[in-house]
Amino acid sequence: MKPLNALFISMSAALLFGASAAFAIQSNDVGHVKLPSMKPGQYDHQAPTLADIQNDKDLHPELRKVILKGRDLFMNTQQLRGKYVFNDMNCKSCHMGEGRMAWSGPVWPAATTLPDFRGKNGHVNSLEERIAGCFSYSMNGTPPEYGSDTMLSLVAYHQYMAKGAKLYDRNIGGRGFSSLGNEMPKDISFTQGAVVYAHNCAVCHGPNGEGKKVNGEVVFPPLWGDASYNWGAGLSRVFTAASFIKNNMPLGQPGRLTDKEAWDVAYFINAQERPQDPRYTGDAKETREKYLNFHKATLYGTEINGKVLGQHDNTGEKPFLKPEVLKPRTFTEGTPASSPQ
Amino acid sequence: MKIKVLLVAIAWTGFMQASVYASGDPANGQTLAMQGDGSGAPCAACHGPQGEGMAAATFPRIAGLDADYALRQMIAFQQGQRVNAAMTMNIDNFDEQQLADLAAYFATLPVPAPAAATASEEQLALGKKLALEGDWDNYLPPCSSCHGPNNQGVDGTFPGIAGQHASYLKQQLELWQQGQRTSDPVQLMEAIAKRLSPEQIEAVAAYLASQPAVAKQ
């Protein structure tokens, strides 16, 4: 069966059986938050709240201002639109719950484990450089300058979230988005993913993944297309998206979807087009091979429904392909290292 | 591209059904609002002559409500996903076009200013926090994450809740807790309501009621 026919049949079936009863099957214990449990020995940390920032007597008023500015930028990153951000995303779109929540990409581990070697760019990254990565890929933009007020305030927010946490303890529970593992199931299905999407996601993110805005303000972020994360973003990896969805979506209902549903819908979403990977060589298949360490988990440069994903020059709203800051770094003991700046 | 077109087409028929019928005629809606459905009271009997509702009796303000949302709610009353004896009895004879006309009429009415808050400062502060920041430690996202900036509403699915009567908001949250209101897609509101404490419900209802609502055009 051609994929298009299969899609049509499964979507039609979903309509016939689903539309009149409104949406997906009703859950009986919908109020219960179903998150994975921490493994024995895993380290957890309660990140400070906004009230903690406001009331911490140890904070110099200037520092408090900087941390609060960082939080404000984290929650409303759109205030940097057109300068550093060229899509509809905010930090909080993926790091939900103010970046404090386990299973939702809590930001404090970045402050306790960096500087560290990072496979994605193959060198030791500072916290600033890690944040620069988010701007370059997830925000389809370019990072604030290292050492700038904007970067300082974002770093300060991350670091304050780690207050009281152990430095360089790596056995962290609920870190990142990887609870489902990084092995895509063999029976992962685009068409099933389309049905899961229609039943559970489209109500907020729109039938075309475009998200929703009110008077130009983003309410629900777009999941694909020009205003979403680009082909180099961590979330474009199917396993990352699957774990994010499993433990965070639909909003307020972690664990509502089965593992299979989370994988299928992550595949469906990440089989849609989005702005070009800033590391693009001019050929998506070649770029995929060059960065296979990353792209082995994405569908970029592969053929889905008759088209090679990412074979285009579309950088979305961003008027350039690659931010200047994305450079390799070499470090040789005893000699001054090249700076990424 | 074909797949995208197909998806759009399917999603529109599946999810935006209300929009398809929502081209209501406000003038006819006004007439129907005054006449009633033939076997019941006119809308104004409970919702007031200007759709302002009646806080003391938990009758909601319907003036300035998103027309798609209002239509979807009336259909839910007819189909039993929302239960209210008076409401069901008074609209059961209207057909879908008439409901759309009513929804279109009430959407055009100006929103009255919110009543002076009677809640304590602490209550309003707690309500504001829930409405705009949430309480993530109890897995409660802020109301505004779905109801939009300042909780003015997003579309026919996510209504404005600022400037709604506190008594009505409280009643509805409790109905969700009890499983008596099931018209929300993907149980989005039910999940949240079931995690709210009585104290939080009082607070968030009082805060939202104290906020001005802006009519959607």
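Good morning. Helix 10 and helix 11 of chain A are oblique to each other, where angles under 35 degrees count as roughly parallel, over 145 as roughly antiparallel, 65 to 115 as roughly perpendicular and the rest as oblique. This is a predicted model, in which local features need pLDDT of at least 70, side-chain atom pairs count only at pLDDT 80 or more, and totals for chains, interfaces and linings use all residues. Residues are numbered from 1 along each chain as its sequence is written, with chains lettered from A and ligands numbered from 1 in the order in which they are written.

The axes of helix 10 (residues 238-248) and helix 11 (residues 259-269) of chain A come within 8 Å and cross at roughly 130 degrees. Axes are lines fitted to C-alpha atoms, for helices over the stretch in contact, with angles from 0 to 180 degrees between N-to-C directions. Helices here are DSSP runs (H or I, at least four residues), numbered from the N terminus.

Which residues in helix 10 of chain A meet helix 11 of chain A? They are A:Val238, A:Ala241, A:Ala242, A:Ile245 and A:Lys246, and their partners in helix 11 include A:Trp263 and A:Tyr267; contact requires C-beta atoms, placed from the backbone, within 7 Å.

I turn to the domains. Chain A is divided into domain 1 (39-176) and domain 2 (177-328), with bounds from an automatic or database domain assignment. Their C-alpha centres lie 22 Å apart. Domain 1 of chain A gives 24 residues to the contact and domain 2 of chain A gives 30. On the domain 1 side, helix 4 (91-94) and helix 6 (127-136) of chain A are the elements that give two or more residues.

How values were computed. Contact = placed C-beta atoms within 7 Å.
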